[in-house]
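Please look over the sequence and the model below before reading on. The paragraphs that follow go through the structure one part at a time.

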Amino acid sequence: MTTGYVFHPEYLWHDTGTSAGLLPANPPAGIQPAVHIENPEAKRRAHELIHVSGLLAELTVIEPRRATMAELLRVHTGDHVQHIKTQSDLRGGGDAGDGFSPVGPGSYAIARLAAGGLIELVTAVARGEVTNGYALTRPPGHHATADRGMGFCLFNNIAVAARHAQAELGLTRIAIVDWDVHHGNGTQSIFYTDPSVLTISLHQAGCFPPDSGWIRENGAGDGTGYAINVPLPPGTGHAGYLHAMTEIVLPALERFAPDLILLANGFDANVFDPMARQMLTAASYRAMTRMLTDAADRLCHGRLVAAHEGGYSPFYVPYCALAFLEELAGTTTRVTDPLAVVADYAAEPLQPHQKAVIDEAAQLVSRIGAHEIAAAP
Ligand SMILES: [Zn+2]
């Protein structure tokens, strides 16, 4: 078994600029200038720990390339792609669409390198050159819709890779699991009427986007039943997430029988994250990853491809990413989670209000398969 790994320094050069976390800096209003919350630090440190731990030497490094216009247009409108290019060409950069998603000078090319990196990884997996893989890409993608960037996302990397897999690689049935703490709204919207792509999002209820990701959002038309949302209450930790994996994600994957599993791999459900209020630890990500790799082994020859999404604690994301990638590669390194002590309070027993939501969402699993899967578009 070999695990592919995609990274490029340009991913860290996507410049989200001076900011007060989320807000534009505004000194006259008392909003102090600092860095944007989506800055390179968590990803840079994750990559460096993967290197320093010795894990990188065990991986198959795959060089990214820039996604072509035709590849982007399988998912995005021409107007949206042009908008990102126009903003990227501005001397001071611009915004991807919602006023909170900076596009730095040159970010158009970098965003294409992120989407293209995931395409190259999916291609290597489809050809059997590697069993599975991780693309530590930036900017992230799962909030971007067909016609708009939002939530720090420019292009929907995972959707572009899914469409490429269907169009070029003979992989028809794609399951996208999204455990970023925020709702994978962009991915869901792109595939909402398409039964060939199952989307399952585990996220903090009502976090971002604010009114999005509810259980009632279950697909439409031929895609009815093929969008599953698990809006977990704030404070959900290890036990709650594992219950959701066991009761929803794994049985949904069994029922759907994918050719490929894609993972929108946000680490912002970790207990230290400033952008949400969930309580996972590196051990949680390790355990959830084991579940997904086992499912991929059973269902689709191990084909599991992860794309980096959120994760905003530069101090803790690297340990979550390392645990995830160790498990994906079926190995361990000398580095252990130095903050593992928090697992003592983050692995609290499953709470009744968490169980109620998960058990309600689990009812949706039986709706998968109500429609024949159409041929790849
Ligand atoms: Zn997120």
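**Helices, sheet and loops**

In this predicted model, helix 8 (residues 238-256) packs with helix 9 (residues 282-300) at an angle of about 10°, and their axes are 10 Å apart. Helix 8 is therefore roughly parallel to helix 9, because angles under 35 degrees count as roughly parallel. From helix 8, the residues that meet helix 9 include His-238, Tyr-241, Leu-242, Met-245 and Glu-254. On the side of helix 9, those that meet helix 8 include Ala-283, Ser-284, Met-291, Arg-298 and Leu-299. Sorted by class, this contact of helix 8 with helix 9 has 13 nonpolar, three polar and two charged residues.

The UniProt annotation "domain: Histone deacetylase", from an unreviewed entry, covers residues 36-327.

In general, strands of a sheet pair through backbone hydrogen bonds, either parallel or antiparallel. In what order do the eight strands of the open sheet lie? The order is 4-1-7-12-11-8-9-10, and the pairing is parallel. Strand 4 and strand 10 (227-232) are the edge strands, each pairing on one side only.

Strand 1 (residues 3-6) can be followed in more detail. Strand 1 runs parallel to strand 7 (residues 132-135), and four bridges join the two. Within strand 7, Asn-132 is the bridge partner of Thr-3, and Tyr-134 is the bridge partner of Tyr-5. Strand 1 also runs parallel to strand 4 (residues 60-61), to which two bridges join it. There, Thr-60 in strand 4 is the bridge partner of Gly-4.

In a regular strand the side chains alternate between the two faces of the sheet. In strand 1, Thr-3 and Tyr-5 point one way, while Gly-4 and Val-6 point the other way. Are these four residues of strand 1 buried or exposed? All are buried.

Helix 8 comes back into view at the sheet. Helix 8 lies across strand 8 (174-178), strand 9 (197-204), strand 10 and strand 11 (260-265), and runs at about 175° to strand 9. Ile-261 has a relative accessible area of 0%, so it is buried. Leaving aside neighbours within four places in sequence, the contacts of Ile-261 include Ala-175, Val-177, Leu-253, Ala-295 and Leu-304. Ile-50 is 211 residues from Ile-261 along the chain, and their C-alpha atoms are separated by 23 Å.

The loops hold some backbone details. Pro-139 lies in the loop between strand 7 and helix 6 (157-168), and the peptide bond from Arg-138 to Pro-139 is cis, with omega near 0°. The peptide bond from Phe-208 to Pro-209 is also cis, with omega near -15°. Pro-209 is in the loop between strand 9 and strand 10.

Phi angles are the last topic. Phe-152, in the loop between strand 7 and helix 6, has a positive phi of about 75° although it is not a glycine. Phe-152 counts as buried because its relative accessibility is 7%. Ala-257, in the loop between helix 8 and strand 11, has a phi near 55°, a positive value in a residue other than glycine. Ala-257 has 38% relative accessibility, so it counts as partly exposed.

How values were computed:
Residues numbered from 1 in each chain as written. Predicted model: local features only at pLDDT ≥ 70, side-chain atom pairs only at ≥ 80, totals over all residues. Heavy atoms only, no water. Axes fitted to C-alpha atoms, helices over the stretch in contact; angles between N-to-C directions. Parallel < 35°, antiparallel > 145°, perpendicular 65-115°, else oblique. Contact = heavy atoms within 4.5 Å. Nonpolar A, V, L, I, M, F, W, Y, C, P; charged D, E, K, R; others polar. UniProt positions renumbered as here; feature names shortened; annotations may be inferred. Buried < 20%, exposed > 50% of the residue type's maximum accessible area, 1.4 Å probe, protein only. Pairing = 2+ DSSP bridges.
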